[in-house]
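Me: I have a model open and want to learn how to read its features. Can we go through them one at a time?

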Amino acid sequence: MFQNIRNKIFISIAIAAIIYLGFTIYADYEKVLLSFSKFNWLLLPVLLVLSLGNYVTRFVKWEYYLKIIEVKLHKIDSFSIFMSGLVMSVTPGKMGELLKSYLVKQVYGTSISKTAPIVFAERATDFLSLTIMALIGAYYFNYGKNIALVIGTFLIVGIIIISNKTIFDKLMIIFSKIKFISKHINKIQTAFDSSSKLLALTPLVSMTALSIISWGFECFGYYLIIKSFYSDINIFWSFFSYSFSTIVGALSMLPGGLGVTEGSLTLMLVHQGLKESDAFAATFITRAVTLWFAVLVGI
């Protein structure tokens, strides 16, 4: 399994290198280098601390979910397992973080089907929090309203389907006729039992609120980055554009949203008046201290 993880990371790095090279050529290599010189590199430690704030806050959510489904881990093991999962940030929709469930099974013997729904609940509340910020910004700035609304509606419908026992039972009656699914019906039932607890109203609302705080750390870091290039940038636009681009990248189902997230961030900055070279430099730094820093922490 770990050999497979290593291969995926190398592939993602190769894809990222090609994408970033393409952006650099498009924005003019020399101009991009000049743009990097404009950045206040003394901000780097602050940006990394803000990203760590995101990870630590999400760890609190992970602990909360473990408590709900009554899985007890030693704190140091739990923290190590959670942080290890960050190495899979370069998988589609971060669903590779199921590595955490695999590690819990290896250390404590808890079935993957019991803890895997935590990863789904984490992604659901992450997407919901980012969608809320994106939707507010979309209406305030009159930018991408339809996209944000469709994403929000789709997400809420999905949560209702996953957490509603009546709907689940009806779906199982239909899908249990499929031979492959019928073989794993007990595991699916276990996963649903965990999901229904994790996505109940109180955990859903409280963890979505916590997710707004956790992603707010990175949104603020993004604001500090683009402030180095464009002094008149609006902090609310920073929160909106970062959350909007992150969601669009995740929905592309590309590893880490590579290419799509970068393209969205860059285009939105150009839309705000930044030069293409400055916009790409800001985007590159942003992804370095968020996505790639997460992978490094995971490793």
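Me: Which residue forms a salt bridge with D126?
Reply: Start with the general idea. Side chains of opposite charge can pair when their charged atoms come close. In this predicted model, D126 pairs with R123, and the closest N and O atoms are 2.5 Å apart. The two sit three residues apart in helix α6, so about one helical turn separates them.

Me: Is D126 buried or exposed?
Reply: D126 is buried, because its relative accessibility is 2% and the cut-off for buried is under 20%. R123 is buried too, at 3%.

Me: How many salt bridges does the structure hold?
Reply: Six. One of them joins K100 to E122, with the closest N and O atoms 2.7 Å apart. This pair links distant parts of the chain: K100 lies in helix α5, E122 in helix α6, 22 residues apart. K100 is buried at 0% relative accessible area, and E122 at 2%.

Me: Which residue pairs with E262 in a salt bridge?
Reply: R287, with the closest N and O atoms 2.9 Å apart. R287 is in helix α14 and E262 in helix α13, 25 residues apart. Both residues are buried. Elsewhere, salt bridges with shared partners join K61, R123 and D126 into one network.

Me: At what angle do the axes of α3 and α6 cross?
Reply: Two packed helices are described by the angle between their axes and the distance between the axes. Here the axes of α3 and α6 come within 10 Å and cross at roughly 135 degrees. That makes α3 oblique to α6. The crossing is right-handed.

Note on methods: Residues are numbered from 1 along each chain as its sequence is written. This is a predicted model: local features need pLDDT of at least 70, side-chain atom pairs count only at pLDDT 80 or more; totals for chains, interfaces and linings use all residues. Side-chain values use heavy atoms; hydrogens and water are left out. Axes are lines fitted to C-alpha atoms, for helices over the stretch in contact, and angles run from 0 to 180 degrees between N-to-C directions. Helices (H or I, at least four residues) and strands (E, at least two) are DSSP runs, numbered from the N terminus. Angles under 35 degrees count as roughly parallel, over 145 as roughly antiparallel, 65 to 115 as roughly perpendicular and the rest as oblique. A crossing is left-handed if the near helix is turned anticlockwise from the far one by less than a right angle, and right-handed if clockwise. A salt bridge is a side-chain nitrogen of Lys or Arg within 4 Å of a carboxyl oxygen of Asp or Glu. Buried means under 20% relative accessible area, exposed over 50%, partly exposed in between (1.4 Å probe, protein chains only).
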